[in-house]
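I opened the notebook to record what I looked up in one structure. The sequence and coordinates come first, then the entries.

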Amino acid sequence: MRDLAFPLPICMISDLLGIPESEREPLQRWVAVLDSSDQDSSVADLLDVTDEIDNFLTGVVDYKRRSPGEDLISDLLRQQRAGLLTNDELTSMAFLLLVGGHETTVALIGNATLALLMHPEQADGARVDPNMVSQVVEESLRIDSPTQNATWRFPLEPVTIGGQLIQPGDPILVSLLAANRDPAHFADPDTFNLMRSARHIAFGAGPHVCIGAALARLEGQVAVGTVFRRFSELALAVPTEQLRWWPSPIMRGLYSLPVVF
Ligand code: HEM
């Protein structure tokens with residue numbers, strides 16, 4: 001997790017946003033506080049880090065305003081000049097892309113690697129067949145969905161779901177992970193099966209479906225495919241019961257994934 005799953009997505013999303021390499025040093029530490037993978041951080045640390053990232057991104061936006069480039073923040077600035085975004089919306093969007101584009105993909109790389117380590121009979125196929133790696137990533141997104149719960153929803157009018165009446169303003173938290181293991185939709189849902197064709201909703205659904213799904217899939221495929229091709233005898237170094245998951249109600253990811261090779 002420390003050596004591959006964390007650095008890769010932060011590098012990709014920073015490249016995309018146009019954050020200069022010389023400025024990236026604190027990002028990984030900040031994001032670790034936000035995504036519960038820093039075990040020692042407190043609520044006060046969380047608030048401090050949110051302010052630090054906000055200040056940092058405001059600085060990046062100011063810099064891009066003076067010297068635009070071929071990156072997403074410069075694109076968003078062009079939209080802003082066209083009157084389509086306020087300044088706050090621009091910084092919020094950069095914040096969401098940075099955080100949403102990082103911890104989710106960190107979790108995916110760890111979870112998909114673990115899934116393949118637990119099914120070594122599938123690993124040889126994944127070493128030679130990119131389609132197989134893509135299936136590994138999809139099945140891991142389903143069975144260990146990195147965003148296990150979606151963000152809050154609040155109905156505007158009374159709605160009945162599964163026989164339960166929900167009043168306007170009541171909070172609803174949709175469990176994507178439970179939906180992805182719904183036995184009415186997936187046969188034998190707790191089994192890791194690369195032959196499935198039914199679609200999962202690990203990236204959400206509807207108007208707010210994940211904007212970064214294609215990037216996340218690509219990063220997962222490149223990371224997992226490369227690791228298994230590079231290390232032909234990769235194996236778990238500890239029993240799975242010793243693996244520790246982030247204690248997050250939203251995210252499903254591993255603190256560390258010790259391997260031998
Ligand atoms: C495995 C990796 C990822 C997973 C599992 C994931 C999951 C999700 C989910 C479930 C949602 C919908 C949340 C909801 O409706 O409550 C979402 C939205 C979003 N994701 Fe991702 N995501 C991943 C990677 C990324 C990446 C790489 C980026 C950025 C490049 C990104 C940016 C966003 C943004 C901006 C939204 C909000 C879209 C909107 O509200 O219209 N995500 N993601």
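**Entry 1: domains.** I noted first that this is a predicted model. I looked up the division of the protein and found domain 1 (7-100) and domain 2 (105-144 + 180-260). Their C-alpha centres lie 27 Å apart. For the interface, I found nine residues of domain 1 in contact with twelve residues of domain 2. The two domains bury about 850 Å² between them, and 70% of that is on carbon and sulfur atoms. I searched for salt bridges between domain 1 and domain 2 and the count was zero.

Entry 2: I located Trp-30 in helix H2 (residues 27-34). Its relative accessible area is 6%, so Trp-30 is buried. Leaving aside neighbours within four places in sequence, I listed Val-49, Glu-52, Ile-53 and Phe-56 as the contacts of Trp-30. I also checked Pro-20, which is ten residues from Trp-30 in sequence and 17 Å from it in space, C-alpha to C-alpha.

I then turned to His-102, in the loop between helix H5 (87-100) and helix H6 (103-117). His-102 has a relative accessible area of 0% and is buried. With neighbours within four places in sequence left aside, His-102 is in contact with Phe-6, Pro-9, Ile-10, Val-31 and Leu-97.

**Entry 3: salt bridges.** My search of the whole structure found twelve salt bridges. In one of them, Asp-71 pairs with Lys-64, with the closest N and O atoms 3.0 Å apart. Asp-71 is buried at a relative accessible area of 7%, and Lys-64 is buried at 7% as well.

I next looked at Glu-138 and Arg-217, whose side chains form a salt bridge at 2.7 Å, N to O. Glu-138 lies in helix H8 (residues 130-143) and Arg-217 in helix H10 (residues 213-230), so this pair ties together parts 79 residues apart in sequence. Glu-138 is buried at 17%, whereas Arg-217 is partly exposed at 27%.

Arg-181 and Asp-144 form a salt bridge at 3.9 Å, N to O. Arg-181 is in the loop between H9 and H10 and Asp-144 in the loop between H8 and strand S1 (159-161), so the pair ties together parts 37 residues apart in sequence. I recorded Arg-181 as partly exposed at 28% and Asp-144 as buried at 10%. A network of salt bridges links Asp-144, Arg-181, Asp-190 and Arg-252.

**Entry 4: surface.** I found a nonpolar surface patch of about 400 Å², made by Trp-152, Phe-154, Leu-173 and Ile-250. I placed Leu-173 in the loop between strand S2 (164-166) and helix H9 (176-180). Leu-173 is partly exposed, at a relative accessible area of 35%.

Notes: Residues are numbered from 1 along each chain as its sequence is written. This is a predicted model: local features need pLDDT of at least 70, side-chain atom pairs count only at pLDDT 80 or more; totals for chains, interfaces and linings use all residues. Side-chain values use heavy atoms; hydrogens and water are left out. Patches are made of residues with over 30% relative accessible area and no salt bridge: like charges are joined within 9 Å, nonpolar side chains (Val, Leu, Ile, Met, Phe, Trp, Tyr) within 5 Å. Accessible areas come from the Shrake-Rupley method with a 1.4 Å probe; for residues, only the protein chains shown count as cover. A salt bridge is a side-chain nitrogen of Lys or Arg within 4 Å of a carboxyl oxygen of Asp or Glu. Helices (H or I, at least four residues) and strands (E, at least two) are DSSP runs, numbered from the N terminus. Buried means under 20% relative accessible area, exposed over 50%, partly exposed in between (1.4 Å probe, protein chains only). Domain bounds come from an automatic or database domain assignment. Contact means heavy atoms within 4.5 Å. Buried area is the accessible area (1.4 Å probe) that two parts lose on being put together, summed over both.
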